[in-house]
Amino acid sequence: MAADPGSISAVKGGVGERLPHDSAHLHVCGRAFYTDDIPEPRGMLHAAIGQSKVAHARIARLDLNSVLTAPGVVAAMIAEDIPGKNNYGPVLEDDPIFAPGLVQYVGQPVFAVAAESYLQARRAVRRAEIDYEELTPILDIDTAVKANSFVLPSANMQQGNSKQALAKAKHRLQGRVHLGGQDQFYLEGHIALALPQEDGDMLVYSSTQHPGEVQHLVALALNKESKDVVVECRRMGGAFGGKESQPALFAAIAALFAQKTGRAVKLRLDRDDDMIITGKRHDYVIDYDVGFDERGQIQGIEFIFASRCGMSADLSGAVNDRTMFHCDNAYYLGDVNIVSHRCKTNTVSNTAFRGFGGPQGMFAIEHVVDEIARFLGKDPLDVRKVNFYGVGERDVTPYQQKVEDNIIHDIVARLEKSADYAQRRGQIRQFNANSRFLKKGIALTPVKFGISFTATHLNQAGALLNVYTDGTVHLNHGGTEMGQGLFTKVAQVVAEELQIDVDRIKITASDTSKVPNASATAASSGSDLNGKAAQAAARAIKDRLLGFAAGHFDVALEQVIMRNNMVYVGDKSMSFAELTKLAHFNRVSLSATGFYRTPEIHYDRKTFSGRPFFYYAYGAAVAEVIIDTLTGEYRLLRADILHDCGQSLNPAIDLGQIEGGFVQGMGWLTSETLWWNEAGELKTHAPSTYKIPVCSDFPVDFRVKILESGKNREDSIYRSKAVGEPPLMLAISVFHAIKDAIAGVVGYKWSPKLNAPATPEEVLTAVEEIRTRRVDQRRQAG
């Protein structure tokens with residue numbers, strides 16, 4: 001007699017289980033294969049890039065004779081040698097692979113060489129002789145705005161009548177704040193390996209978040225079609241948005257040399273070249289004008305965002321749009337006007353970075369709310385609460401999407417209580433009153449982050465599932481693995497659907513020949529999109545198997561049940577493997593594709609209105625810091641986080657994403673400085689000068705929790721929520737805790753003038769400035 005399927009335990013590795021990352025055991029022992037670990041084919045060449053030494057110039061003379069005669073050099077290439085399109089721009093054709101006679105930033109690729117060894121290629125590029133006719137460069141945002149130098153037209157979003165609201169407001173503040181950029185600093189730098197195939201085809205291994213785009217742009221550069229190029233990526237050693245649009249440049253150069261020489265070609269950047277050549281998070285100058293009442297509730301507000309986009313558009317249009325979408329964060333702005341300038345400068349083209357413009361918008365409104373609170377002498381948390389989106393009222397965003405899933409009130413209330421915010425704030429003020437040189441600060445900030453690509457057509461995904469006669473499964477989908485655990489989560493979805501242990505599923509590399517036209521793994525949508533696509537494929541096979549079993553054994557369909565690696569058919573039972581073998585012998589297909597498109601979303605770019613986001617992810621953080629007012633140094637003493645993951649697919653992986661995102665966001669706002677000199681040269685291009693957070697920067701007391709009652713009201717994959725990007729913005733609490741500590745220097749009478757990143761130098765400058773204000777007031781008082 002068959003066992004009762006209701007009494008069988010759940011499969012191992014199903015949805016909701018705390019599984020480790022699928023490659024964790026390989027990571028820790030150095031056996032995970034990245035692009036540079038792929039065995040090198042016989043006769044492989046190494047490529048290196050010759051870069052511009054000036055920020056803006058016409059190339060008067062380019063002499064590569066010494067390069068070509070350098071030891072080991074096999075070939076060199078300039079713009080005129082490209083058989084197809086000299087472009088790797090993802091949206092506009094304004095990103096040349098090699099500068100076509102005009103250079104627009106220091107580090108821009110001018111030519112490349114292929115040589116027998118890595119060192120020979122690097123040495124050869126230094127032998128080039130280039131004469132420049134220098135032009136006046138634009139190197140900063142203010143200069144670009146004054147010169148009307150933009151990569152794209154400025155944009156405007158408005159709701160209500162901001163000018164009228166500002167005029168009627170009882171209180172009004174105006175100000176400006178500078179917000180720095182950030183390098184992605186992935187552990188694995190950019191790399192591509194191109195292998196010529198028969199009949200002129202090309203296979204490219206690329207460290208990329210967007211294999212489909214690399215395929216398309218490489219084909220265009222080679223003067224081929226997409227069918228002639230296959231791009232594969234098993235994993236990346238980090239990406240953070242920096243491998244969304246940028247990898248096409250390096251893949252194209254490797255493929256062009258492979259096509260020209262008939263030999264495999266690898267192009268691997270070292271850290272300095274990687275940071276100099278590739279784009280970063282956009283830095284901003286933010287101006288605001290806000291009117292508010294005695295409670296601190298915003299009556300009207302106007303923002304002007306000006307971002308450094310660099311020499312080309314890249315993804316700046318969508319990045320800056322998302323800044324506009326997120327400058328409300330969790331707050332209702334009924335009368336608002338938002339202007340966005342996308343500035344063209346003679347610096348590297350900035351690109352995607354975790355949050356994709358959203359963090360900059362959220363930083364802006366948090367700065368404004370904090371300024372309001374300090375003007376009124378109130379606890380910033382009280383002002384934040386009074387401005388939160390309502391439930392059933394005050395719930396329409398500036399882009400006309402109704403906030404229907406608002407749980408920010410609940411999250412903040414829970415965190416405020418569990419973190420003992422009020423008590424600690426009182427204790428900190430008492431500490432500061434009795435401490436001359438060391439000052440503490442505390443802040444609680446919320447997060448509301450929209451999930452979906454704002455370009456509606458990108459919200460789609462495909463998957464391919466192959467089941468073998470021994471009951472094992474090959475899983476492939478359009479998403480890419482960059483350490484975030486996407487492959488693990490999607491495998492858990494398939495395990496749950498087919499009711500087999502997850503170790504029966506083999507996760508395979510992202511491959512454009514298996515799943516075509518896939519969107520980038522970005523916008524925190526990897527699990528949402530690819531999980532749903534894989535679920536559709538698994539259900540197609542499951543329905544096929546259930547139907548076959550019902551017919552073969554002559555039972556009703558509802559009498560066929562899959563549970564924990566077994567299949568129960570009436571009073572019979574067999575293993576999943578036995579059923580797949582039986583189905584194969586009866587010529588039942590064991591392969592299926594799945595497709596998913598996000599429902600309900602729509603957006604009109606012309607009017608900046610619609611429903612660009614499927615849902616919102618929420619969270620909140622409390623940060624406590626201590627600063628040394630004599631040096632500007634500080635430490636994060638404690639961080640409390642409560643974050644909404646819906647019904648988590650994998651709480652262990654999600655917890656890691658929350659912790660990592662928070663620390664990366666802290667680096668952006670505190671220690672990571674990008675600095676260009678007057679010649680437009682980036683001087684912070686290595687770990688010696690560019691300071692990412694290290695282990696000692698973690699708070700000694702780090703309390704991170706996932707909201708246990710979370711559940712996505714929308715039909716996402718198993719009602720989970722995205723967790724890639726939203727946690728980064730939790731670190732805004734650290735910046736405001738530092739600001740709060742500086743305010744303690746003068747007994748909280750004034751608001752510090754603090755820009756980001758809040759490096760020790762910036763903190764010390766703010767401390768000295770606020771002390772000077774106190775001295776000046778005393779002098780005036782006589």
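I count a disulfide when two cysteine sulfur atoms lie within 2.5 Å. The model I have open is predicted, so I keep local features to pLDDT of at least 70 and side-chain atom pairs to pLDDT 80 or more, while totals for chains, interfaces and linings use all residues. Numbering runs from 1 along each chain as its sequence is written, and side-chain values use heavy atoms, with hydrogens and water left out.

**Cysteines**

How many disulfides does this rule give? I get zero. I looked at C309 next: its closest cysteine sulfur is in C343, 6.5 Å away, which is too far for a bond. C327 is in no disulfide either, as the nearest cysteine sulfur, that of C309, is 16 Å away.

**D654**

I found D654 in helix α17, residues 651-670; helices are DSSP runs of H or I with at least four residues, strands are E runs of at least two, and both are numbered from the N terminus. Is D654 buried or exposed? D654 is buried, at 1% relative accessible area. Leaving out residues up to four places away in sequence, D654 touches K489, C645, S648, L649, I706 and V723, where contact means heavy atoms within 4.5 Å.

**Helix α19**

I traced α19 over residues 760-781: its 22 residues reach 32 Å from first C-alpha to last, close to the expected 32 Å (1.5 Å times one less than the number of residues). Buried in α19 I note E762, V763, A766, V767, I770 and R771. The buried residues of α19 pack against β27 (615-628), β28 (634-643) and α18 (732-743).

Technical notes: Buried < 20%, exposed > 50% of the residue type's maximum accessible area, 1.4 Å probe, protein only.
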